[in-house]
There are 4 protein chains.
Amino acid sequence: MSRKMRMGIVGGGRGAFIGTVHRMAATLDNEIELVCGAFSADPGKSRLSGRDWYLPDERVYGSWQDMIAAEASLPEGERMDFVAIVTPNHMHFHPAAAALRAGFHVVCDKPMTLTLGEALELRGIVREMGLLFALTHNYTGYPMVKEARALARGGRLGEIRKIIVEYPQGWLAARLEASGQKQADWRTDPARAGASCCMGDIGTHAENLAEYITGLRISELCADLTTFVEGRPLDDDGNVLLRFGNGARGVLHASQISIDEENGLNIRVYGSKGGLRWRQEEPNTLLLMWPDKSREIVRAGGGYAGRLSAAAAAATRLPAGHPEGYIEAFANIYRNFARALRRRLEGGQPDPEEPDFPTVDDGVRGMQFIEAVVASAKSDKKWTTFPNA
Amino acid sequence: MSRKMRMGIVGGGRGAFIGTVHRMAATLDNEIELVCGAFSADPGKSRLSGRDWYLPDERVYGSWQDMIAAEASLPEGERMDFVAIVTPNHMHFHPAAAALRAGFHVVCDKPMTLTLGEALELRGIVREMGLLFALTHNYTGYPMVKEARALARGGRLGEIRKIIVEYPQGWLAARLEASGQKQADWRTDPARAGASCCMGDIGTHAENLAEYITGLRISELCADLTTFVEGRPLDDDGNVLLRFGNGARGVLHASQISIDEENGLNIRVYGSKGGLRWRQEEPNTLLLMWPDKSREIVRAGGGYAGRLSAAAAAATRLPAGHPEGYIEAFANIYRNFARALRRRLEGGQPDPEEPDFPTVDDGVRGMQFIEAVVASAKSDKKWTTFPNA
Amino acid sequence: MSRKMRMGIVGGGRGAFIGTVHRMAATLDNEIELVCGAFSADPGKSRLSGRDWYLPDERVYGSWQDMIAAEASLPEGERMDFVAIVTPNHMHFHPAAAALRAGFHVVCDKPMTLTLGEALELRGIVREMGLLFALTHNYTGYPMVKEARALARGGRLGEIRKIIVEYPQGWLAARLEASGQKQADWRTDPARAGASCCMGDIGTHAENLAEYITGLRISELCADLTTFVEGRPLDDDGNVLLRFGNGARGVLHASQISIDEENGLNIRVYGSKGGLRWRQEEPNTLLLMWPDKSREIVRAGGGYAGRLSAAAAAATRLPAGHPEGYIEAFANIYRNFARALRRRLEGGQPDPEEPDFPTVDDGVRGMQFIEAVVASAKSDKKWTTFPNA
Amino acid sequence: MSRKMRMGIVGGGRGAFIGTVHRMAATLDNEIELVCGAFSADPGKSRLSGRDWYLPDERVYGSWQDMIAAEASLPEGERMDFVAIVTPNHMHFHPAAAALRAGFHVVCDKPMTLTLGEALELRGIVREMGLLFALTHNYTGYPMVKEARALARGGRLGEIRKIIVEYPQGWLAARLEASGQKQADWRTDPARAGASCCMGDIGTHAENLAEYITGLRISELCADLTTFVEGRPLDDDGNVLLRFGNGARGVLHASQISIDEENGLNIRVYGSKGGLRWRQEEPNTLLLMWPDKSREIVRAGGGYAGRLSAAAAAATRLPAGHPEGYIEAFANIYRNFARALRRRLEGGQPDPEEPDFPTVDDGVRGMQFIEAVVASAKSDKKWTTFPNA
């Protein structure tokens with residue numbers, strides 16, 4: 001099938017940060033073309049956004065409902081193949097569900113939904129429709145995260161004992177939402193963000209990363225959530241003790257009030273035979289630690305044959321020393337999704353490694369995490385169970 | 001003019017590293033679309049490459065001559081606006097000259113030509129035709145390089161005294177070209193690479209970076225070039241003393257045999273009032289040094305209003321802590337070129353900051369640098385003049 | 001009084017790591033001379049250790065009891081001024097109490113005693129005797145820790161909101177004590193180490209550092225302690241949520257099983273106006289973070305006048321870029337102790353900044369910390385009170 | 001011989017930076033005691049300095065001539081064993097020569113003398129008298145420098161191809177000597193410093209380090225020396241191309257005007273089989289680079305048995321992660337000297353590895369380096385021979 005996968009987008013209009021990221025990520029590898037969009041609930045704004053992106057007016061819609069209906073009625077060779085949903089959290093479930101029900105595959109931003117209930121329902125729809133669903137836990141797209149995963153899951157670190165995962169940011173240290181800043185505004189609003197701000201927006205990335213790399217499941221947690229900025233109805237900081245199913249222990253802490261921290265998603269994993277460290281802000285380096293030899297600096301990029309795992313090598317576009325970053329990692333989610341979709345559309349067998357992108361199950365797990373940490377934060381009981389559903 | 005700029009490409013077929021980089025860089029910001037290509041001198045290969053990239057067969061050409069002729073005959077609303085030339089060095093001049101003569105603007109990889117003579121001739125054609133010409137000295141596209149330039153040229157460092165610029169790599173430490181590796185093969189061949197391997201391929205980047213940031217011009221140099229790997233006809237390492245027009249002194253060293261160095265383009269600039277350091281492998285950080293206060297870590301990305309120069313801010317897509325890398329820096333060259341081209345095509349006035357991309361003059365200067373270091377390396381005289389032509 | 005302060009030592013014989021550290025630290029600044037020692041409970045061993053250190057045989061004692069008795073009977077111009085106690089934890093209280101009762105000032109290693117009961121009793125004796133008592137929480141001796149303290153306590157960071165303090169080590173990842181390794185042997189033995197291994201040995205440093213820098217007091221904590229290595233009776237890892245008296249929140253985690261972590265005492269403090277980071281393994285650098293300007297790298301060493309706080313400047317011996325390390329930081333404890341002692345002996349007034357060394361009150365607090373984390377770890381209740389006694 | 005080695009000191013009185021460093025370094029390991037000193041040419045000042053250091057008045061001399069004469073007349077069991085000379089450059093030769101002629105061993109600061117002529121004469125006296133002579137090229141005392149040397153000389157890097165050694169400082173970026181600052185004053189004065197400021201004071205350290213680690217000898221060099229600060233009679237910056245006897249090439253650059261650079265002695269060595277990097281400001285880390293495996297971070301300190309070379313292990317006092325710094329490295333020179341001296345005094349055989357401290361031959365080589373770079377800087381000829389005398 002000699003064509004690119006066709007993407008429609010919901011959200012991402014003028015002023016949206018993440019919409020542009022999705023567009024760049026989706027199209028970077030030339031496997032996907034953006035064919036239509038419902039950029040805003042305001043049809044005029046949507047039109048302008050569409051023109052900004054050089055879409056033909058007739059494929060720019062005034063609502064996601066219109067888009068799904070109109071695209072569904074286009075001939076197969078023309079209509080979009082999948083929908084990317086890049087709206088705030090409260091606007092994930094309905095367009096996703098409708099797109100799936102109309103037979104479109106879906107890429108959705110995280111956290112997956114506003115509530116756990118919606119997440120479970122969405123999972124049911126995905127299963128029922130048998131369509132592809134990718135959740136953009138984009139940090140799992142980094143080559144060195146994939147390398148860490150290959151090492152940890154392949155047993156190189158021995159039995160995992162301790163995981164420290166952290167995600168400090170500082171951009172909400174003052175009451176930015178009071179200025180009307182769009183990103184701050186909805187994230188601090190329970191009606192649009194859900195039950196948590198800090199833990200929902202970034203804590204879920206940390207949770208997902210820890211489980212993605214190690215394959216372990218958090219079984220119990222103990223959370224202390226705080227709102228430091230007065231007048232903010234949701235948490236802007238949180239510290240969580242973790243216990244994993246295999247007996248490993250851990251700490252997850254995230255913050256939006258840690259001044260001048262930028263986007264500090266970091267993880268350290270220690271097993272009985274080795275350890276590793278990875279930092280999102282310097283993503284092309286993975287540090288390996290051993291009991292009986294020098295630390296190793298593993299670097300993304302070609303370098304020498306056979307050095308990296310297949311998954312990490314496949315996630316790298318450039319030779320070592322040519323930094324790939326956030327957009328490239330994000331693009332890896334889209335690329336892996338596009339390739340799975342292509343195989344599907346061409347009637348091929350799924351790759352045994354497929355899907356190497358986060359799915360609706362990761363989305364459910366994320367919503368369970370939010371629910372569990374919020375419940376724990378309100379409880380006097382030390383440990384709150386994190387269900388493995 | 002509600003359309004993307006239309007790019008044709010010469011070179012970059014299957015197996016080429018830099019062709020894919022150009023495609024990603026050109027299209028990242030949705031300002032440019034690739035409409036045609038002459039990917040290979042072998043028409044069959046060219047066709048396959050075109051299909052890899054989902055181009056229609058009729059816009060995939062068997063030679064750059066065919067492409068220029070055919071595109072020139074297309075209607076204005078359809079034909080390419082500019083040609084990107086991504087072939088080895090010996091294949092830069094002729095397609096560039098022909099494209100310009102046919103009225104197409106040009107983006108060309110560096111070093112600009114095989115010889116200084118070609119470079120001077122090309123400059124003449126650019127001036128004669130009055131068209132845009134961008135040279136992809138891509139490292140000048142990094143936001144922190146632009147910030148460094150704004151600081152140095154704005155006088156914040158005082159009078160510049162010393163510049164250390166270095167570019168160690170290790171990938172040619174063994175005789176890789178003997179294995180037929182494509183990148184190594186042509187770069188070590190005088191017929192395709194020109195008078196220098198190491199200094200031509202990466203030394204020119206170092207030279208360009210030093211002059212781009214400081215605005216100074218090298219006036220004299222003293223070079224020691226070496227071929228460490230037996231059987232290689234060109235230099236794979238070089239060390240150069242620099243003297244600048246204003247009296248500043250410097251060192252430029254580059255290497256392709258410094259084992260396990262990846263792509264270590266680094267620069268340090270010291271003036272009478274301050275200094276700075278930048279490293280390509282960690283490109284989002286710029287270190288500033290002062291006589292009377294603490295070192296500052298300047299970081300790419302939004303952060304807080306007014307922190308960065310306009311040029312650096314414009315070169316950044318993401319908030320701080322979301323790493324942008326090599327492709328994004330490269331894309332900044334294309335974006336700035338596309339915007340200048342759009343203004344040109346729309347009949348607008350050039351931006352006063354325009355062009356913020358390297359031009360044919362940088363290309364001439366690069367060829368003069370190669371000629372000067374090669375001459376110096378052969379001379380017993382200490383200083384060789386670097387003409388300011 | 002033109003003489004050095006005279007030190008006697010209890011412990012630190014052949015094979016002891018920390019004894020040599022105390023000797024180097026005590027004598028580095030030429031303010032203190034070692035005049036006598038009871039190096040071992042085995043008189044023969046003690047004698048040999050004394051000769052290793054070139055002490056005259058008659059000042060080398062077979063027991064600390066002998067040393068205290070004999071030294072007390074020497075003329076004032078000859079006998080030791082203070083005793084340094086560098087034995088395992090269970091051997092702190094008795095010699096310290098006896099030395100104090102005999103009129104000698106005391107420097108004691110940490111944790112201060114085997115139990116909280118002993119600590120409280122020792123505090124009583126110190127108060128009763130009115131003598132100087134220093135606890136070697138040596139990490140507070142680093143210049144950049146003192147700078148951090150001056151900044152945090154001086155209000156530069158605003159109201160403190162969040163503290164992350166961590167102390168990973170990996171040296172006990174396997175059952176080293178089974179090999180008879182002396183350091184591992186006693187630290188994992190409840191009879192000699194007390195109620196905790198990891199939290200007692202290094203968790204107390206982390207607790208002390210957080211409180212030293214910020215001046216805040218932990219008010220509640222929630223601990224998860226683990227023993228990962230089979231057959232070990234005490235914890236070798238622990239994660240603790242912290243709440244501070246002013247409403248700040250924090251995390252303290254420490255580990256002896258985090259493979260290949262060396263001595264990773266690190267702290268991050270975030271307030272409403274700024275933040276800081278410090279890492280023990282790169283101790284001469286302090287990173288400052290601000291909402292509205294670039295990060296600053298504060299460096300130990302002279303540099304330029306007025307840059308550093310008086311306390312930090314006084315703790316530095318060398319110009320910037322001449323690394324001072326663990327021994328120098330440790331020596332700052334001894335130097336500050338020696339100077340306070342000298343003022344005392346000369347009948348002068350205490351310095352208003354005195355004592356800038358940890359005291360018996362820090363020792364009590366450390367024992368309360370151990371007791372609280374051990375109690376919390378056994379409890380189903382979320383929060384355990386940390387008394388401010 | 002159950003006693004410490006006895007040291008007398010020439011220079012190092014009040015206000016001297018390096019005198020205190022020598023005292024701390026000499027006594028750190030308890031192998032040496034300071035017994036006498038001629039701290040200043042002003043007897044009153046010398047007396048006060050002696051009291052600062054708690055020396056008895058009768059062992060504090062008004063001149064080095066007095067000291068040598070008086071000590072020589074003391075009984076063998078009492079008089080000093082060796083003299084440490086810590087004065088400015090012009091005051092090295094005469095006291096060193098006199099001490100040697102009086103039968104005292106010597107430790108001398110670097111550069112060894114004011115002129116090459118003095119150096120050659122001093123070498124003659126050392127050889128004639130058959131006494132020990134150590135030059136305090138203190139940076140060779142770092143454990144990781146010794147590790148680098150063991151690797152490079154042991155062949156692990158293959159044939160050495162390229163060496164980059166650099167030593168930027170910024171403390172003389174303004175005319176500090178005009179303020180009377182003692183360190184700046186004599187270093188910029190030809191009568192006291194010799195033919196070079198920057199190259200003499202720190203360039204010689206760089207030259208020594210490159211040769212110490214690799215065992216290679218510089219055979220030719222090409223230097224560009226500059227005085228950036230007006231009114232300064234000697235160079236404050238220099239860049240040098242190097243050629244080594246085995247065909248290796250290199251760059252040495254040093255500076256005292258690179259603003260806010262502290263003490264940036266750094267070296268990179270690349271061979272045909274591997275490479276290494278070491279930075280003085282983070283001295284406990286050595287980075288190893290290989291063509292076919294990940295970079296290794298070698299760390300000072302115990303860690304695990306057999307990891308480090310014997311020389312590096314012997315130069316380390318503390319476990320990994322407990323930073324040792326400048327003073328400890330300096331102390332390694334003194335310790336190795338003291339041990340060689342003890343063996344000598346006890347009539348034992350020299351250690352086969354002896355001497356692991358720089359000798360009078362290193363001192364001659366340093367003076368030849370100064371002479372060669374100064375000559376080269378004045379020459380139009382590209383290459384100046386560096387004699388291997």
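## Exercises on the contacts between chain copies

The contact between chains A and C takes 30 residues from chain A and 30 residues from chain C, two residues being in contact if their C-beta atoms, placed from the backbone, lie within 7 Å. This is a predicted model, in which local features need pLDDT of at least 70 and side-chain atom pairs count only at pLDDT 80 or more, while totals for chains, interfaces and linings use all residues. Residues are numbered from 1 along each chain as its sequence is written, and chains are lettered from A in the order in which they are written.

**Exercise 1.** Describe the side of chain A that touches chain C.

*Solution.* Begin with the strands (DSSP runs of E, at least two residues, numbered from the N terminus): β6 (160-168), β7 (218-226), β8 (237-244) and β9 (249-255) of chain A each supply at least two residues. Of the elements, β9(A) gives the most to this side, with four residues.

**Exercise 2.** Work out how chain D is related to chain A.

*Solution.* Superpose the copies by least squares on the C-alpha atoms of residues with pLDDT of at least 70 in both. A rotation of 180° with 0.0 Å of shift along its axis places chain D on chain A, with an RMSD of 0.0 Å. The two copies are therefore related as by a two-fold rotation axis. In chain D, the C-alpha nearest this axis belongs to D:E296, 2.4 Å from it.
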